Amino acid sequence: MSKNNSDVKTKLKGEVMLAMAAIIWGTAFIFQKMGMDHIGPMTFTLFRFGMGALAMIPVMMISDKARTRKDETIMPCSNRTLILGGVLVGAANFAASALQQIGIVYTTAGKAGFLTAMDMVMVPFLLVLLRRKVHGLTWLGVAIAAIGMYLLTMNGGFSMAVGDLFCLGGALGFAIQILIIDYFVEKVDPIKMAFYEFAVTAILSLIFTLIFEDVVMADVLACAGPLLYTAILEVCIAFSLQMVGQQYAPPAIATIIMSFESVFAALSGALFLHEVMTGRELTGCIIMFAAFMIAQIPEMREGN
């Protein structure tokens, strides 16, 4: 009984972390959109992940000190598995973030949020391709969540344009990123792997920035607000929460939780920007919460 209670608490801990990440991401699309008024998508990705990597250095130091006090083993940054995981997840994150950022230039923030969150549909399919079991109720939860998200984010007809295709490609990148994290996260220090993820993303962004864009420091400084928000909160904090949270939550469930960034985006708009949520949007929120509960049923049964 105590073991089951411990398992439930552990899963809850991971889900809370992922929900906190979704809250932060839910407010980030508007800042990413604002950033495009000043600099190009590769430059924006370079600075937000570069600054995010720098912000991770004191976090790693604090984490190591906490482990020392608890007499826990500290994994060195030179660990080969850690480096491999960081490089792979960083490459996937770069592809996903760059495609998403390019797509935001050509589409609305709402549609970008909807299409990016389609990684929750892609992850179960990828799990099947990897010959991993996905419970039927999880599939049902994913399908219902997709309907809820459509009601929440899409106002009017749906058509695919160039920017939408970029965002959809970004969703595939994030789905692959989630599965890479799921594979490595129990083998390495998640905080250190997050640092490698951000550093690799920044390095790849630098290469593409030098090829395709011109960096004007005056424009970068004009974009300081959106960059600071996305670097510290969206990258350093939210992505780190994702990395640690995925230690305790299955990937299919994790993607549903993280897709709630669309719900939190709508709610934060209503709370802080005094935007009025329509009946359609409220219905979408309710449906997504119902989908999350349905997808949780297999995990709850295992805990009993």
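How many aromatic pairs does a search of the whole structure find? The search finds nine aromatic pairs; rings of Phe, Tyr and Trp (its six-membered ring) pair if their centres lie within 6.5 Å, and planes under 30 degrees apart count as stacked, over 60 as edge-to-face and the rest as tilted. Before we go on, please note that this is a predicted model, where local features need pLDDT of at least 70, side-chain atom pairs count only at pLDDT 80 or more, and totals for chains, interfaces and linings use all residues. Residues are numbered from 1 along each chain as its sequence is written, and side-chain values use heavy atoms, with hydrogens and water left out.

A pair of aromatic rings is described by the distance of the centres and the angle of the planes. Here are two of the pairs:

| Pair | Centre distance | Plane angle | Kind |
|---|---|---|---|
| Phe 49 and Phe 198 | 6.2 Å | 50° | tilted |
| Phe 49 and Phe 239 | 5.8 Å | 65° | edge-to-face |

The pair of Phe 49 and Phe 198 links distant parts of the chain: Phe 49 belongs to helix H3 (residues 41–69) and Phe 198 to helix H9, 149 residues apart. Phe 49 in helix H3 and Phe 239 in helix H11 (residues 224–245) are 190 residues apart, and their pair also links distant parts of the chain. Helices are DSSP runs (H or I, at least four residues), numbered from the N terminus.

Buried means under 20% relative accessible area, exposed over 50%, and partly exposed in between (1.4 Å probe, protein chains only). Ring pairs join Trp 25, Phe 49, Phe 198 and Phe 239 into a cluster.

**From Phe 49 to Ile 203**

Ile 203 lies 154 residues from Phe 49 in sequence, but the C-alpha to C-alpha distance is 9.1 Å. Ile 203 is found in helix H9 (residues 190–212). With a relative accessibility of 52%, Ile 203 counts as exposed.

**A lysine over a ring**

Elsewhere, Lys 187 lies over the face of Tyr 183, 4.0 Å from the ring centre. A charge sits over a ring if NZ of Lys or CZ of Arg is within 6 Å of the ring centre and within 35 degrees of the ring normal.

Technical notes. Helices (H or I, at least four residues) and strands (E, at least two) are DSSP runs, numbered from the N terminus.
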